[in-house]
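The entries follow the order in which I looked.

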Amino acid sequence: MKPIKILWLRWCRHLLKTSLVALLLVSLSVSLSGAGWNWEPANSVLIAALAQGNAITDPYAILRYSLPIDNQAVRQLQDAIEDISNHLRGKRWGPIEKDVKVAAKILSSKESDLLASVPDDRKPRAEAAIAQMKEDISQLQDAVKAQDKNQVWSKRRELLAQIGKLEELMVQGFPFEVPAKYANLPQLKGRATVEMETTKGLLTIVVDGYSAPVNGGNFVDLVNRGFYDGLPFMSLEDDFVVQTGDPPGPEAGFIDPKTKQYRAIPLEVLVKGEKEPIYGITLEDAGIYLPNLALPFNAYGAVALARPSDDPNGGSSQFFFFKFDNELTPPGFNLMDGRYSVFGYVVEGKEVLEQLTDKDKIIAAKVVDGLDNLVQPQAS
């Protein structure tokens, strides 16, 4: 067995335990020495130490925002309902009431705008979703008036589920062309849901091919082959990563039975506002800092491709679940983003993920939805 060790994460976490003054001195000394060192992470660590802001940590919210749609009304509606969580824990009922009023106004006065992005053959389903949202928003208003925290949580969740359905109905086709050099790899042209049974319980993973078609396609293809069934989780020194996917034998990844070659998967990161992902290079090496990514590491249970520290294109079958870590994921800037490819999130089973150790294994994994979005390489 040859597990890919994520050494960079350990080094970076260790460095973050130093003081801000030490970081400033390190950054200054490296920049002034001119001694041939290429210690770029010092600059990003300094940026991280100074960055401020809020991060979305709900995987469902990240997945909703990453859908490739352009409809201002539905995004305003989603923003208003998502924002309720920022105030509900502190029981700030004034801002909550304002959010609900904004959402109710959009549903009552901008229905045509909400439907404008939906193809005609899907409009009946979109209209049904909007009708359900109007009922839910009325009940949410009553819950806010009664200051019933539990009911507000419940109705907010139901509304966001309907908003997600509406947004999915707006998606038309695939948003970009994957570079031809990756045509030899399976690609996920949409989303898929994977259920992974472990010795501690069940994990449900949503794989987002809209943002990571090559990494997502590789994972879904391997799940569908039964590649991960029976594989153990690996022992790592730090508790913020749970890794698996190392097959028995000397190989560190998947050997394609057709080509007899190691299937190498590139780093693939989509920056919001860009037409397609950046491939084969870390964002730091590309000179991109403080990125706003479609699939960030903000959420507990982000699923990402493991790779050798010195090879952005050396990943294959090994992947890891990222446990939210305040040192590596400070608000406003995430040291993980742009260095590893996130291709999905654990949306159910957080309590299972928390318990997994190197004594556990994957019993079986299967694709329960979205397998029709998997596109296999075309025969040459």
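**Aromatic rings**

I began with a group of rings, and I noted that F219, F227, Y228, F254, F319, F321 and F343 form one aromatic cluster. I kept in mind that the model is a predicted one.

I then looked up how many aromatic pairs the structure holds, and the count is 14. One of them is F219 with F319, whose ring centres are 5.1 Å apart and whose planes stand at 75°, an edge-to-face pair. I wrote down that F219 belongs to helix 10 (residues 213-225) and F319 to strand 8 (residues 319-322), so this pair ties together parts of the chain that are 100 residues apart in sequence. Are these two residues, F219 and F319, buried or exposed? I found that F219 is buried, and that F319 is buried as well.

My next entry concerns F320 and Y340, whose ring centres lie 5.6 Å apart with the planes at 85°, and therefore I listed this pair as edge-to-face, since an angle over 60 degrees counts as such. This pair also links distant parts of the chain, for F320 is in strand 8 while Y340 is in the loop between strand 8 and strand 9 (342-348), 20 residues apart. I noted both F320 and Y340 as buried.

**Charges over rings**

I looked for charged groups over ring faces, and found R307 over the face of Y340, 4.8 Å from the ring centre. I also found the charged end of K189 over the ring of F174, at 5.1 Å from its centre.

**Helix 8**

I followed helix 8 (residues 123-145) from end to end: its 23 residues reach 33 Å from the first C-alpha to the last, which is close to the 33 Å expected at 1.5 Å a residue. Among the buried residues of this helix I listed A126, I130, M133, I137 and L140. The buried residues of helix 8 pack against helix 5 (72-88), helix 6 (93-109), helix 7 (111-115) and helix 9 (149-170). After helix 8 comes Q147, and I noted that its phi is positive, near 50°.

**Nonpolar cores**

Which residues touch the most other members in the largest nonpolar core? Of its 57 residues, they are M196, I205, F219, Y228, F297, F320 and F321.

Notes: Residues are numbered from 1 along each chain as its sequence is written. This is a predicted model: local features need pLDDT of at least 70, side-chain atom pairs count only at pLDDT 80 or more; totals for chains, interfaces and linings use all residues. Side-chain values use heavy atoms; hydrogens and water are left out. Rings of Phe, Tyr and Trp (its six-membered ring) pair if their centres lie within 6.5 Å; planes under 30 degrees apart count as stacked, over 60 as edge-to-face and the rest as tilted. Helices (H or I, at least four residues) and strands (E, at least two) are DSSP runs, numbered from the N terminus. Buried means under 20% relative accessible area, exposed over 50%, partly exposed in between (1.4 Å probe, protein chains only). A charge sits over a ring if NZ of Lys or CZ of Arg is within 6 Å of the ring centre and within 35 degrees of the ring normal. The expected span of a helix is 1.5 Å times one less than its number of residues. Contact means heavy atoms within 4.5 Å. A nonpolar core is a set of buried Ala, Val, Leu, Ile, Met, Phe, Trp, Tyr and Cys residues joined through side-chain atoms within 4.5 Å.
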